[in-house]
Amino acid sequence: MKLRKLGALAVVSALAFGACTQGTPAPSDELGVITIGPNDNVHIAFWGVLSGADASLGQDSLDGAKIALADHDGKFRGHDITLSTDDGQCTVEGGAAAAAKMAADSTIVGLVGSSCSDEAVGGIKAISDAGLTTISPSNTRPALTSPDRGPDYAGYLRTAHSDAFQGKAVAEFVYNELGKTTAATIHDGSAYAEALQQVFADEYTALGGTIVIQEQVGKDTTDMTPVLTRVAGANPEVLYYPIFVAAGGFITDQARDVPGLENTVLIGSDGMFTPDFVEAAGPNAEGMYLSSPNFSAFQAGYTGFLEKYQALVGSAPISAFHAHAYDAFNILYAALDKVAVEADDGTIYIPKKALRDAIYATKDFQGITGILSCSASGDCGAPLIAVYQITAREVGGQWPPEAPVWP
Amino acid sequence: MQVRLADRVTDLAIATFLWAFRISVVLIVVVGSFLTLSSGKYGLETWTGLVITGLTTGSVYALVALGYTMVYGILRMINFAHGDIFMIGGFAGYFAGLALSRLGFLNANAIASLISIMIMMVVAGVFALVVALLVERIAYRPLRNAPRLIPLISAFGASYFLEYSVKGWAGPGVYAFPDVAVLDQLVPIDFVRIKWLDVLVVIAALVMMAGLYFFVMRTKVGTAIRAVSEDKATAALMGIDVDRAIVTTFAVGAAMAGAAGVLFGLMFRQINYFSGFEPGLKAFTAAVLGGIGNIPGAMLGGLFLGQVEAVGPQLFLDGFGVPGLAGLAKAVGFTMLVLILVFRPSGLLGERISGTRA
């Protein structure tokens, strides 16, 4: 057995040596090297939610990545880039399935995704173990980039903000700007919502506010009257439910019919920052608030990006993280450019560990969401949060909201 | 001898466990209700609100449950695509509603709104019926004499086929039913807060269920359906067209599910390609709860499940101070299902299937 292994090693070294002698500088890498033949495409994978009620979240990010791809003329060092897609369905299981599939694909050099924090929770181990690295444009669960996140997350970075910032921003908005001192929260059990409402609750309590009740619904619940009745019993001035499109729509639509919630201030977050949500919620969405990345604080390049988005999709952005996806793709591209080794015949070698290290080493990168630097625990985002208000204009079908109401 | 002793010990352990389960659930229900009510935290308005919610969702469950139970009664088969027929009805109703809304008829006045809703329900019912008949013809009829698991698997396939066909055609996003202004107004009575929409849903469901009951019990075709569900071979010998009876059963169940899809859309606004799954599962539960194969049982089961889900968590568990209660609606609903099946293994009103059970 041992002998056979040694033999295999000898063959591999001989091959490697042979390759070297032909003048091809094949690099070595502890996680392995991806070889792209002279006529092969460079394969980058996008994974995220592409079906179901939250499809616009993933589609919007995918379109952001496509625009970045087009900005490079669809090519890397003369090779065409293939941008494949895998649907993580915004669930832990869907993320795990998509990740297992991508981990088994030896042509993938790097990934952009996922959309939902749940997908990352389910899929990241497979991706890290395969030596791959993914940059998420829209996962915001704080724990994903916490310093003690563990080795499973070695291949995980994000350009999205951490909800440690978003939850704090919403708490400040509610307490300082609106001057409301009692709040209730509802989450849907997802990694995203559960953590975000808890950050909000902690920060809000620290500011001096009172959390009167923290409730939970199922992601597929349609009838919200029971949960809203319980919330109304606790008599909050503000109801914060940072969840997703379907359940968020049901809550918004039904809240005004529950006695005691007729005038409660309703607030959601970036998971609902899409015209699909306004469509799902209907006229009762008017007057409510949504927190999201602060688009007015984006870099100068964002205006040009929006024109390309309009040209590609035919509308204004349909969700919140297109620009983050654009930046994620470009960070990956820049890192690829740094580590790729090119042979005379056009073959490209991508050492996986070196690529991962190069992404982590990103510093002062000129993105459209900000000047980005990646931390050792994978945070590359510029965490600028704003609060927008849904008005009759958005209910009437216009999107996105024009200017933030805070800060 | 020893084996027998071991068996008896196991039986005793199971019996003890079941009784402990029954007693503990009943205790939780009784004590919890007492604690919740005696705390006086929630007023009468809250409870009536929850009961009305339970009544309306329960009515929709009941309408869909009828399709499950009738098909089971006649074919001994669980038609898992039935929830998707419900969803397709919702889509057909949505497009009818959209057209009526664009014509300005939907919200012209109260009468026009009512007529519009009837048109939407008829369109939805007819469309759902056509799709269900196609499913029956293509996915079920060729397998009629196959072992029972085969049509069940075919039903799963049909379910996925319908879901992803709608996804391919309508996209994965959410469709929002047009608003019907008159339904959002409150009924002008003092002691209870109820919207016209709630009244409409309950009345429409009752009328459809009464119609179905009359159809099955009092008409010739209904008699034929009952005869086929008792004994196919004998019914055929008596000159009954078995295929026709089966097709009629599918058609009636699908039409009611399609119309229920419109009621669901009016109640909850949003539908998407997957929105038949959850109500379908609930309706199937309701059918089992009432006693599968039993038509009044499905109606009762639907209404019961609706009430337990709406009122149950609050009433049974609030008194104990359980946090995050609303997330437990499904848990409470299914615990009740288990409890009822423990006490009455054949459902509230009993299974009504006779003859050979495969």
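Predicted model: local features only at pLDDT ≥ 70, side-chain atom pairs only at ≥ 80, totals over all residues.
1. Lys167(B) lies in helix H5 of chain B, which covers residues 149-170; helices here are DSSP runs of H or I with at least four residues, strands are runs of E with at least two, and both are numbered from the N terminus. Because 17 C-beta neighbours fall inside 10 Å, Lys167(B) counts as partly exposed, a class that lies between buried (20 or more other C-beta atoms within 10 Å of the residue's own) and exposed (12 or fewer), with C-beta atoms placed from the backbone. Apart from its neighbours within four places in sequence, Lys167(B) is in contact with Ser51(A), Pro172(B) and Tyr273(B), where contact requires that the C-beta atoms, placed from the backbone, lie within 7 Å. Between Lys167(B) and Ala92(B) there are 14 Å in space, C-alpha to C-alpha, and a separation of 75 residues in sequence.

2. Residues are numbered from 1 along each chain as its sequence is written, and chains are lettered from A and ligands numbered from 1 in the order in which they are written.

3. Chain B as a whole contains 12 helices and 2 strands, arranged along the sequence in the pattern α-α-α-α-α-β-α-α-α-α-β-α-α-α. Its radius of gyration, taken over C-alpha atoms, is 22 Å, close to the 21 Å that the globule rule (2.2 Å times the number of residues to the power 0.38) gives for 358 residues, so chain B is as compact as a globular protein of that length. The C-alpha trace of chain B spans about 80 × 65 × 40 Å along its principal axes. Of the 358 residues in chain B, 49% are buried, and among its contacts with a separation of 6 or more, 78% join residues 24 or more positions apart.

4. Within chain B, the axes of helix H7 (residues 220-230) and helix H9 (residues 242-268) come within 9 Å and cross at roughly 105°; such axes are lines fitted to C-alpha atoms, for helices over the stretch in contact, and the angles run from 0 to 180 degrees between N-to-C directions. H7(B) and H9(B) are therefore roughly perpendicular to each other, the term for angles of 65 to 115 degrees, whereas those under 35 count as roughly parallel, those over 145 as roughly antiparallel and the rest as oblique. From H7(B), Val221(B), Ala224(B), Ile225(B) and Val228(B) meet Val242(B), Ala245(B), Ile246(B), Thr248(B) and Thr249(B) of H9(B). This contact of H7(B) with H9(B) has 7 nonpolar, 2 polar and no charged residues, where Ala, Val, Leu, Ile, Met, Phe, Trp, Tyr, Cys and Pro are nonpolar, Asp, Glu, Lys and Arg are charged, and the others, Gly among them, are polar.

5. Between the chains, 32 residues of chain A are in contact with 30 residues of chain B. On the side of chain A that touches chain B, the largest share, 6 residues, comes from H7(A), and the residues of that side divide into 12 nonpolar, 13 polar and 7 charged.

6. Chain A is divided into domain 1 (33-162 + 298-383) and domain 2 (164-294 + 386-395), with bounds that come from an automatic or database domain assignment. The contact takes 20 residues from domain 1 of chain A and 19 residues from domain 2 of chain A.

Conventions
Contact = placed C-beta atoms within 7 Å.
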